[in-house]
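Please read it with the structure open.

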Amino acid sequence: MTLEARKIRLLMTLRRAGVTDARVLGAIERIPRELFVPDAFQDQAWEDTALPIDLGQTISQPVIVALMTQALELDERMAVLEVGTGSGYQAAVLSRLCRRLYTVERLKPLLAEAERRFQALRLHNITARHGDGMRGWPEQAPFERILVTAAGGDEPPKDLTEQLRVGGLMVIPLGGDYRNQRVVRIRRTASGFDREELWPVRFVPLLPGTSSDGSANQPGSPDPARPDGGTAAS
Ligand code: SAH
């Protein structure tokens with residue numbers, strides 16, 4: 001099957017899953033996912049599946065990338081923060097739909113790779129940095145939108161909710177136990193926060209602190225049913 005045919009098939013899958021926003025579908029169509037996927041998985045780059053990247057992390061499943069992007073209700077005037085750059089794929093998609101995209105990754109080698117991709121694709125409205133995204137990006141706050149692509153505990157990190165502009169939206173997978181994760185959309189109102197549960201998912205965990213070489217990035221004992229990072233859960 002040609003790359004073009006694979007793309008069309010994926011876009012049809014996304015539509016069936018409820019991705020109806022033409023701008024989101026257009027961004028997915030235009031960002032070459034094959035450039036974000038390791039060589040060994042090139043044949044699956046346009047399949048609707050999460051794939052492993054370096055250091056035990058994952059590039060999320062396209063349907064989750066698309067649904068989370070759609071849930072953000074972006075417009076081209078917005079400043080958006082993403083936590084968990086990973087491969088950079090979700091950041092690239094977001095960058096086509098907003099004014100400026102800030103993205104933070106705690107594993108330095110992944111960040112470096114993602115930045116190379118942003119440059120190769122001339123995605124000049126992305127600013128990426130190595131850091132603990134649970135702290136947000138205070139120098140650039142407040143943000144109209146925040147997307148977290150790793151699973152938090154039961155509550156969103158306080159620094160992130162504080163950096164959300166009033167009227168703004170945050171989309172974040174929550175649930176300490178990954179068997180019970182849900183993507184949640186939080187709207188900041190003048191008086192507090194409204195919360196809406198969207199869909200069950202499995203994401204790799206949001207971890208505090210940073211690592212410059214990727215070591216010690218998976219604390220705790222290995223779990224045979226490890227979450228695969230940005231996958232729809234049934
Ligand atoms: N958005 C990515 C998928 C991310 S997988 C993509 O499109 O490819 C989740 C990522 O979140 C991993 O790379 C992980 O290292 C990162 N992460 C986890 N906790 C973090 C934190 N506190 N700050 C920044 N990044 C974090």
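1. Start with the ligand. The side chain of glutamate 105 has an N or O atom 2.6 Å from an oxygen atom of the ligand. A polar contact here is a pair of N or O atoms within 3.5 Å; within protein, one must be able to donate a hydrogen and the other to accept it, and residues adjacent in sequence count only if both atoms are side-chain atoms.

2. Threonine 149 places a side-chain N or O atom 3.1 Å from a ligand nitrogen atom. Leucine 207 uses its backbone: an N or O atom there lies 2.6 Å from a nitrogen atom of the ligand. On its own the ligand has 590 Å² of accessible area, and the protein covers 99% of that. Such areas come from the Shrake-Rupley method with a 1.4 Å probe; for residues, only the protein chains shown count as cover.

3. This is a predicted model: local features need pLDDT of at least 70, side-chain atom pairs count only at pLDDT 80 or more, and totals for chains, interfaces and linings use all residues. Residues are numbered from 1 along each chain as its sequence is written, and side-chain values use heavy atoms, with hydrogens and water left out.

4. Check the confidence. Mean pLDDT (the predictor's confidence in each residue, from 0 to 100) is 93 for the chain, and 93% of its residues reach 70 or more. Residues 217–226 fall below 50, yet this stretch has 14 contacts in the model beyond near neighbours in sequence. Contact means heavy atoms within 4.5 Å.

5. Now the shell. There are 28 residues around the ligand, and Ser87, Glu105, Asp132, Gly133 and Leu207 come nearest. A residue is near if one of its heavy atoms lies within 4 Å. The elements β2 (58–59), β3 (79–83), α4 (89–95) and β4 (100–105) each supply at least two shell residues. Helices (H or I, at least four residues) and strands (E, at least two) are DSSP runs, numbered from the N terminus.

6. Next, the sheet. Eight strands form an open sheet in the order β5-β4-β3-β6-β7-β8-β9-β10, with mixed pairing. Two strands pair if DSSP finds at least two bridges between them. At the edges, β5 (126–130) and β10 (231–232) each pair on one side only.

7. Look at β8 (residues 182–188). Six bridges join it to the antiparallel β7 (residues 164–174), with proline 173 opposite valine 183. Six bridges also join β8 to the antiparallel β9 (residues 193–202). Valine 184 stands opposite glutamate 197, and arginine 188 has phenylalanine 193 as its bridge partner. A hairpin of four residues connects β8 to β9.
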